[in-house]
Amino acid sequence: MKTLLLATTALVFGIASASAADLAARPYTKAPVMAPTWNWSGFYFGGNVGYGIAHNETAQGIFAGTPPTVLLGATTGPVASDGVIGGVQIGWNTMFAPSWLFGIEADIQGADVKGQQRFVSGLLFTPGDFAAVESRLNWFGTVRGRLGWTATPETLIYVTGGLAYGEVETRNSSSFDIGGGVRENAAASLKSTKTGWTVGGGIESRLWNSNWTAKAEYLYVDLGSQTLVNSTGPVTAFAHGSDVESRTHIIRAGLNYKFNSWN
């Protein structure tokens with residue numbers, strides 16, 4: 001009996017020692033690191049470049065008298081304008097549902113969107129008479145809301161709209177033969193900061209698994225109209241009045257760097 005007890009005790013200790021050795025030999029396994037998930041919420045800053053196209057209606061009138069109040073002739077027609085734009089934007093987004101986003105964005109743009117129209121009918125006195133008008137958009141900015149839907153976790157489709165403002169410039173010139181070999185010529189220009197509205201939409205996507213995003217965007221910018229009058233004196237009291245719209249279609253591409261991008 002004593003021999004059996006000693007043998008059983010030795011067997012139990014042997015099994016325990018083998019189990020402890022097995023446990024000590026197991027390698028330590030670190031829990032897997034979860035990759036961060038892209039999140040559109042947060043602040044961003046970036047730049048853009050694009051092109052502006054306008055087909056603005058204008059009304060021209062030639063007046064006479066002292067002061068010039070008698071309408072001698074009038075005409076209407078479009079002024080086709082186009083040119084390059086470029087600027088910067090800053091914004092903030094927040095996800096309010098799994099696939100929906102609300103944001104606010106502000107931008108400021110330099111612009112060289114201009115065009116001219118020369119009118120030689122409807123207000124002619126003699127051959128060679130003309131009235132010309134030029135429309136320019138020198139710069140503009142917007143403050144807009146954005147409502148977006150994530151077509152994929154890293155691709156956003158959005159609509160946008162809000163306040164627009166900018167510097168509109170109108171220039172007009174006139175030349176009229178008033179008889180006796182006398183020709184009256186005049187030119188004038190007017191710059192003013194106008195306010196209006198804008199609406200549009202676009203698509204934005206994450207680049208290279210990074211904090212950078214790229215976007216393509218369309219905006220319609222309406223800054224109302226501007227009226228300019230020049231006088232052709234000093235020999236006679238003529239006046240050339242122009243009323244020109246400022247409504248521009250903007251197509252642009254941009255890059256944004258997004259802060260606080262991860263969950």
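Author: A residue is called buried under 20% relative accessible area, exposed over 50%, and partly exposed in between. At 37% relative accessibility, tryptophan 212 therefore counts as partly exposed. Please keep in mind that this is a predicted model.

Reader: Understood. How many helices and strands does the protein have?

Author: There are one helix and eight strands. Along the sequence they follow the pattern α-β-β-β-β-β-β-β-β.

Reader: And what share of the residues is buried?

Author: Of the 263 residues in the protein, 40% are buried. The protein exposes about 13900 Å², and carbon and sulfur atoms supply 66% of that area.

Reader: What about contacts between residues at least 6 apart in sequence: what percentage join residues at least 24 apart?

Author: The figure is 71%.

Reader: Let us turn to charges. How many salt bridges does the structure hold?

Author: It holds 13 salt bridges. One of them joins the side chains of aspartate 107 and arginine 252, at 3.3 Å from N to O. This pair links distant parts of the chain, with aspartate 107 in strand E3 (residues 100-119) and arginine 252 in strand E8 (residues 238-258), 145 residues apart.

Reader: Next, which side chain does glutamate 204 meet in a salt bridge?

Author: The side chain of glutamate 204 meets that of arginine 146, at 3.2 Å from N to O. Glutamate 204 lies in strand E6 (residues 182-206) and arginine 146 in strand E4 (residues 130-152), so the pair ties together parts 58 residues apart in sequence. Glutamate 204 counts as buried at 3% relative accessibility, and arginine 146 counts as buried at 1%.

Reader: Where is glutamate 167 found, and what is the nearest side chain of opposite charge?

Author: Glutamate 167 is found in strand E5 (residues 155-179). It is buried yet has no salt bridge. The nearest side chain of opposite charge is that of lysine 191, 4.4 Å away.

Reader: What polar contact does the side chain of glutamate 167 make, then?

Author: It makes a polar contact with the side chain of asparagine 138, at 2.9 Å. Leaving aside residues up to four places away in sequence, glutamate 167 touches Arg136, Leu137, Asn138, Trp139, Lys191, Ser192 and Thr193.

Reader: Changing topic: how many aromatic pairs are there?

Author: The count comes to five aromatic pairs. One of these is formed by tryptophan 197 and tyrosine 220, and it is tilted, with 5.5 Å centre to centre and 55 degrees between the planes. Tryptophan 197 is in strand E6 and tyrosine 220 in strand E7 (residues 212-231), 23 residues apart, so that the pair links distant parts of the chain.

Reader: How do tryptophan 197 and tyrosine 220 stand, buried or partly exposed?

Author: Tryptophan 197 counts as partly exposed, at 42% relative accessibility. Tyrosine 220 is buried, with a relative accessible area of 19%.

Reader: And what of the pair of tryptophan 212 and tyrosine 257?

Author: That pair is edge-to-face, with 5.2 Å centre to centre and 70 degrees between the planes. Tryptophan 212 lies in strand E7 and tyrosine 257 in strand E8, so the pair ties together parts that are 45 residues apart in sequence. Tyrosine 257 is partly exposed, with a relative accessible area of 31%.

Reader: Which aromatic cluster do Trp212 and Tyr257 belong to?

Author: Trp212 and Tyr257 form one aromatic cluster with Phe259.

Methods: Residues are numbered from 1 along each chain as its sequence is written. This is a predicted model: local features need pLDDT of at least 70, side-chain atom pairs count only at pLDDT 80 or more; totals for chains, interfaces and linings use all residues. Side-chain values use heavy atoms; hydrogens and water are left out. Helices (H or I, at least four residues) and strands (E, at least two) are DSSP runs, numbered from the N terminus. Buried means under 20% relative accessible area, exposed over 50%, partly exposed in between (1.4 Å probe, protein chains only). Contact means heavy atoms within 4.5 Å. Accessible areas come from the Shrake-Rupley method with a 1.4 Å probe; for residues, only the protein chains shown count as cover. Lys and Arg count as positive and Asp and Glu as negative; His and the chain ends are not counted. A salt bridge is a side-chain nitrogen of Lys or Arg within 4 Å of a carboxyl oxygen of Asp or Glu. A polar contact is a pair of N or O atoms within 3.5 Å; within protein, one must be able to donate a hydrogen and the other to accept it, and residues adjacent in sequence count only if both atoms are side-chain atoms. Rings of Phe, Tyr and Trp (its six-membered ring) pair if their centres lie within 6.5 Å; planes under 30 degrees apart count as stacked, over 60 as edge-to-face and the rest as tilted.
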